[in-house]
Amino acid sequence: MVAVLCLALSRTIRQPPLVPWTAAWLALLGALCALWLLLLWPACDVVGYPAYMFFEYVFGYLVYAGCREHVMGTPITWRHWPTVALLAVPALLLAWLAQFQLNVFLALHGPVYGGFFLLSWAQLRRVEVRRRSWLGVQVLRVALALLALLNIAYGPVFALSAFGVIAHEPPFLAYSSFYDLLLLTMLAFGMIMVTTGEVQSDLESALDRLAGSAQTDHLTAAFNRHAFQTVLSRELAGTAVIAGISFSSSSSSGRVSRSTSS
């Protein structure tokens, strides 16, 4: 649903961070499809595990790329895609490890996945927040921080479980799907709030520029008749006067005529 919403927004809003963020949610959709196939056909784990981890890593990387573009204005281009392809290497290695010890695999996968959210949170600390997108940036920061802490915490939990220090399935993991759903929903809301807030700020700036240009003369930068009418339309006590002085000369007679109006 979030991927469809971002696709719909990207057709009407040309805000730069929306492009990598939309691609990120599409990648997460691919990860969920791979996980769904693993639940239906466990025998396809040779393909399902690498696909699931690869698309999750792509999701994390594209979230980071969108945050970097929002802060620095550097869009993701085709030269960045080799980096995306390299994410298949840890996905394949961890998938091979998952065949022997699932808890060790999850202990390594969680911190790697959470590291992308930590990098994204660190990027947003340097952004100059505009008034209309301030709340969205704060929601995005909180969601990224909590996602980073949650996934990095999976590392020691699964590691202790793999070595038998704690129970095989600690109570902490019973609600992991709920945690993920809640925080990913918060992340999606933060992205949408940032995007729409930036659009609103750009519209307000454009309206201010248009209002200023409509009330001033292009040549002299003096207030024009439209500014005078704006002053008169306000319910102000007192009197407003506008005066114009024009000079004209006649080369044939040598006389100069002057007219003053008020």
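**Stop 1: a surface patch**

Select Trp36, Leu37, Leu40 and Trp41: together they make a nonpolar surface patch of about 450 Å². Patches are built from residues with over 30% relative accessible area and no salt bridge, with nonpolar side chains (Val, Leu, Ile, Met, Phe, Trp, Tyr) joined within 5 Å. A salt bridge here is a side-chain nitrogen of Lys or Arg within 4 Å of a carboxyl oxygen of Asp or Glu. Areas come from the Shrake-Rupley method with a 1.4 Å probe, and for residues only the protein chains shown count as cover.

Before moving on, note that this is a predicted model, where local features need pLDDT of at least 70, side-chain atom pairs count only at pLDDT 80 or more, and totals for chains, interfaces and linings use all residues. Residues are numbered from 1 along each chain as its sequence is written, and side-chain values use heavy atoms, leaving out hydrogens and water.

Leu37 sits in helix H2 (residues 18–40). Its relative accessibility is 34%, so Leu37 counts as partly exposed (buried is under 20% relative accessible area, exposed over 50%, partly exposed in between).

**Stop 2: the whole chain**

Switch to cartoon view. The protein chain has nine helices and two strands, in the order α-α-α-α-α-α-α-α-α-β-β along the sequence. Helices (H or I, at least four residues) and strands (E, at least two) are DSSP runs, numbered from the N terminus. Of the 262 residues, 35% count as buried. The accessible surface is about 16200 Å², and 67% of that belongs to carbon and sulfur atoms.

**Stop 3: aromatic rings**

Rings of Phe, Tyr and Trp (its six-membered ring) pair if their centres lie within 6.5 Å; planes under 30 degrees apart are stacked, over 60 edge-to-face, the rest tilted. How many aromatic pairs does this rule give? The count is seven.

Select Tyr57 and Phe116. Their ring centres are 6.3 Å apart and their planes meet at 40°, so this pair is tilted. Tyr57 lies in helix H3 (residues 45–72) and Phe116 in helix H6 (residues 102–124), so the pair links distant parts of the chain, 59 residues apart. Both Tyr57 and Phe116 are buried.

Next, select Trp25, Phe59, Tyr113 and Phe117. These four form one aromatic cluster.

**Stop 4: Glu204**

Go to helix H8 (residues 176–214) and find Glu204. Is Glu204 buried or partly exposed? Glu204 is partly exposed, at 24% relative accessible area.

How values were computed: Buried < 20%, exposed > 50% of the residue type's maximum accessible area, 1.4 Å probe, protein only. Patch = residues over 30% accessible without salt bridge, like charges linked within 9 Å, V, L, I, M, F, W, Y side chains within 5 Å.
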